Amino acid sequence: MTASHSTSLLRHDDGRAVEQLSALSPLELHHHVSQFLFREARLQDTHAYDEWEALWTDDAIYWVPANGHNTDPETQMSILYDNRSRIGIRIKQLKTGRRHTQTPRSELARLISNIEILSVNSQEVDVIANAMIFEDNMRGETLWASRNEYRLRLHDGAFKLARKKVGLVNNHKPIFTLSFLV
Amino acid sequence: MGFALPEGYEGTERKGLGLGKVPRIAVYRGFIFGSMAHDGPTIEEHLGGAKASLDQLLDNSPTGELDLTVGFLQHRTKANWKFMVENETDGYHPGFVHSSIFQVAQSGIANLYGSESTALTRDFGNCHTEFDLRPEWRKLDTPLGWFGTTADRLPAYVKAMNEAYGPDRAHQIMIDGTPHIMIFPNLFIAEIQLFVIQPISVDESIQHVTALQFKGGEDINRRLRQQTMGSVGPAGFLLADDTEMYERNHRGSKIRDPEWLVLTRGLHRERLDENGFRIAHSTDETTQRGIWRHYLKLMTE
């Protein structure tokens with residue numbers, strides 16, 4: 001296993017640290033983006049709350065819209081619309097051990113697929129991907145499907161999550177409690 | 001009603017055909033109520049004392065009106081709708097069910113439902129119940145203290161309120177805040193948000209919820225939306241845990257032994273207020289007893 005696989009630092013094939021995303025080849029960029037999204041998925045599935053929280057930038061936006069995919073979260077209700085501070089509260093609540101809807105925790109496995117890079121500049125890359133999440137909890141089994149949008153930012157040589165929009169395909173309908181990290 | 005290809009319906013009488021109708025509709029201060037019963041109490045008779053709480057709510061709007069146009073979240077719940085009705089004015093649960101968020105968000109809400117609280121539960125009859133938090137807000141004596149903020153942080157709203165009601169009345173309204181009332185069978189107003197409870201089947205319900213928005217209150221409306229999005233809906237810091245309890249209790253209730261629940265909390269300190277409604281401490285089951293007393297009457301009359 002080489003260093004580029006065991007850490008989240010972005011490196012060129014020859015081992016040099018990545019300073020400009022635009023200097024990466026399309027294949028390299030796609031690989032690094034995919035690895036980041038898979039890692040995020042694993043941290044969510046395993047409830048690795050601190051490591052997941054550490055993925056976010058200080059100006060992060062974590063958004064799960066309701067009633068469509070092009071609503072304005074500043075003026076319309078969303079299922080979840082967290083800034084960095086509220087992401088922190090969400091994680092702290094989960095870590096109290098008394099977030100009853102996650103006690104016991106949901107058993108989760110998710111697939112991240114159809115990863116497409118929409119645009120890239122020197123420090124940021126916009127990505128879309130689909131997610132399919134199987135959840136098992138005391139109520140029963142639930143399948144979640146979403147079309148996600150991400151903005152990843154190069155920060156100290158690694159990707160950080162600046163923005164994540166989770167577009168649940170059925171967000172115009174009643175949905176069950178969504179208390180795991182989606 | 002019209003027919004497609006009408007020549008095929010020659011001789012058919014249209015009268016009496018068409019979609020079903022809600023037999024009775026009534027409006028109280030902009031709230032539209034429908035009844036599927038052809039006969040029954042008027043909306044004024046049905047609301048009774050609960051009307052005062054709707055008035056209290058609308059007084060918090062500088063125009064006396066709400067503007068519920070920001071969309072509803074729809075929270076699917078595998079539990080009977082009555083678990084929700086019963087819980088909306090249960091003051092015994094917040095300190096336990098919501099202790100996780102109270103601990104991490106430095107919320108003052110927990111104190112309203114602690115043993116020292118002067119807040120009340122009230123049974124209006126007709127299954128309408130409320131928390132009356134005004135005794136606590138009046139002790140605090142800070143305009144917008146009920147909303148966890150201060151007048152200087154919402155200057156446009158405060159100005160509009162002063163202009164609409166005059167400084168003295170506006171001051172009192174902003175001390176007292178909005179109500180926390182469950183209007184039977186399906187309308188729940190919880191300070192900053194409004195729920196409609198929709199039964200789907202014996203073991204499934206939908207909680208529809210939106211932020212209260214006051215017509216003419218842009219700066220307070222933004223804060224109302226932000227706080228509502230944090231607390232309620234499928235991912236809410238509060239309602240996700242309430243809903244967990246609805247679902248667990250529904251499953252638990254399938255075990256028929258023991259058959260009855262104890263709902264005696266605060267029976268010894270229950271009393272009548274100046275209007276003759278039962279009141280007790282904010283954690284007492286005066287509200288649950290009121291709901292079931294009237295429900296029994298409705299189901300056996």
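Colleague: Where is B:Gln226 placed?

Modeller: B:Gln226 sits in helix α10 of chain B. Keep in mind that this is a predicted model.

Colleague: Is B:Gln226 exposed or partly exposed?

Modeller: B:Gln226 is partly exposed, because 16 other C-beta atoms lie within 10 Å.

Colleague: How far apart are B:Gln226 and B:Ile43 in space?

Modeller: They are 33 Å apart, C-alpha to C-alpha. In sequence, 183 residues separate B:Gln226 and B:Ile43.

Colleague: Let's turn to the contact between the chains. How many residues come from each chain?

Modeller: Chain B puts in 31 residues and chain A puts in 27 residues. On the chain B side, the elements giving two or more residues are β3 (73–77), α5 (99–104), β9 (204–211), α10 (218–231) and α11 (239–252).

Colleague: Which of those gives the most?

Modeller: That is α11(B), with six residues.

Colleague: What classes of residue does the chain B side have?

Modeller: The side of chain B that touches chain A has 15 nonpolar, 10 polar and six charged residues.

Colleague: And the largest nonpolar core, how many residues does it have?

Modeller: It has 101 residues. Those with the most contacts inside the core include A:Val64, A:Met77 and A:Ile79 from chain A, and B:Leu73 and B:Val85 from chain B.

Colleague: Pick A:Ile79. What does A:Ile79 touch?

Modeller: Leave out residues up to four places away in sequence. Then, in chain A, A:Ile79 touches A:Val64, A:Pro65, A:Ala66, A:Asn171 and A:Leu178. In chain B, A:Ile79 touches B:Leu73, B:Gly233, B:Pro234 and B:Ala235.

Colleague: New topic, the sheet in chain B. What is the strand order?

Modeller: The open sheet of nine strands runs β3-β9-β8-β7-β6-β5-β4-β11-β10, with antiparallel pairing.

Colleague: Which strands stand at the edges?

Modeller: β3 and β10 (271–272) of chain B do. Each has a single partner strand, so one side of each is left without a neighbour in the sheet.

Colleague: What holds paired strands together in general?

Modeller: Strands of a sheet pair through backbone hydrogen bonds, and they can be parallel or antiparallel.

Colleague: Zoom in on β6(B) and β7(B). How many bridges join them?

Modeller: Four bridges join β6(B), residues 180–183, to β7(B), and the two strands run antiparallel. B:Met182 stands opposite B:Phe188 in β7(B). The two strands form a hairpin, with three residues between them.

Colleague: And what about β7(B) with β8(B)?

Modeller: β7(B), residues 187–190, pairs with β8(B), residues 193–201, in the antiparallel sense over four bridges. Here B:Ala190 stands opposite B:Gln193.

Colleague: Now whole chains. How many helices and strands does chain B have?

Modeller: Chain B has 12 helices and 11 strands. Its radius of gyration is 21 Å, close to the 19 Å that the globule rule gives for 301 residues, so chain B is as compact as a globular protein of that length. The C-alpha trace of chain B spans about 75 × 55 × 40 Å along its principal axes. Of its 301 residues, 43% are buried.

Colleague: And how many helices and strands in chain A?

Modeller: Chain A has four helices and six strands. Along the sequence, the pattern is α-α-α-β-β-α-β-β-β-β. The C-alpha trace of chain A spans about 50 × 35 × 30 Å along its principal axes. Of the 182 residues of chain A, 35% count as buried.

Colleague: Last one. What are the confidence scores?

Modeller: The model scores ipTM 0.94 and pTM 0.95. For chain B, the mean pLDDT is 96, and 100% of its residues reach 70 or more.

Conventions: Residues numbered from 1 in each chain as written. Chains lettered and ligands numbered in written order. Predicted model: local features only at pLDDT ≥ 70, side-chain atom pairs only at ≥ 80, totals over all residues. Contact = placed C-beta atoms within 7 Å. Nonpolar A, V, L, I, M, F, W, Y, C, P; charged D, E, K, R; others polar. Pairing = 2+ DSSP bridges. Core = buried A, V, L, I, M, F, W, Y, C linked by C-beta atoms within 7 Å. Buried ≥ 20, exposed ≤ 12 C-beta atoms within 10 Å, placed from the backbone. pLDDT = per-residue confidence, 0-100. Rg over C-alpha atoms; globule rule 2.2 N^0.38 Å.
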